[in-house]
Amino acid sequence: MNAVVRSLRHAALPVHRALRKRKVKLFFDALQPDKSDTMLDIGGWLGEDGEFSALYNFFPRMTSINLIPVDHAHADFVQGDACEMPFESKSYDYVFSNAVIEHVGDYDRQQLMAQEIMRVARKGFFVATPNLWFPVDPHSYIPMLQFMPFSIRRRVLPCCDYWMLSANRMQKLFPSAEIIITRDCTSIIAVCKI
């Protein structure tokens with residue numbers, strides 16, 4: 001990551017943390033889980049500054065699936081692919097995912113992840129992703145970078161491949177979900193109570 005992107009990301013960190021905490025609140029408001037429920041956090045971790053700790057503190061029985069081991073607090077960690085999860089159907093009450101689906105690959109891979117989420121969730125799911133149409137790229141904080149050719153994005157962020165989604169694409173991926181664009185227009189959320 002180049003120095004300009006690092007500086008921009010550092011400057012935006014307080015806003016980034018606040019937006020993540022707001023998503024956690026939206027999760028609780030929309031799905032109203034019980035403490036006895038189980039949850040799967042896809043790509044999950046506590047966050048850069050513990051912004052997802054409210055989820056981890058609420059659910060005593062929680063699993064986190066990720067390609068790489070990161071701090072999962074008390075959650076059971078499973079190393080795995082969100083597009084091919086090693087769980088039985090309806091094995092978790094709730095599935096939560098923040099800013100992962102745009103990183104799994106192109107639209108075909110995103111469909112696989114969406115199908116897996118809907119297969120594994122028993123009571124509901126909450127999938128958040130950055131809004132393609134927000135004018136600032138959320139991965140670099142560079143205006144309009146998400147609309148540049150992949151080759152240019154890769155030069156700016158060599159370690160970060162992503163395929164961002166619009167609200168229409170999210171609705172196609174999650175047809176049973178309500179699609180919410182956050183008030184600040186930075187994120188799109190597919191939320192479904194089954």
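Ser97 sits opposite Val127 of β5, in what is a predicted model, where local features need pLDDT of at least 70, side-chain atom pairs count only at pLDDT 80 or more, and totals for chains, interfaces and linings use all residues. Residues are numbered from 1 along each chain as its sequence is written, and side-chain values use heavy atoms, with hydrogens and water left out. Helices (H or I, at least four residues) and strands (E, at least two) are DSSP runs, numbered from the N terminus.

β4 and β5 pair in the parallel sense over 6 bridges; pairing takes at least two DSSP bridges between two strands. The open sheet has 7 strands, in the order β3-β2-β1-β4-β5-β7-β6, with mixed pairing. β3 (76-79) and β6 (178-181) end up at the edges with a single partner strand each, so one side of each has no neighbour in the sheet. From one strand to the next, the twist averages 15 degrees. (Axes are lines fitted to C-alpha atoms, for helices over the stretch in contact, and angles run from 0 to 180 degrees between N-to-C directions.)

Now for the packing. Leaving aside neighbours within four places in sequence, Phe125 is in contact (heavy atoms within 4.5 Å) with residues including Leu31, Val95, Ile117 and Phe174.
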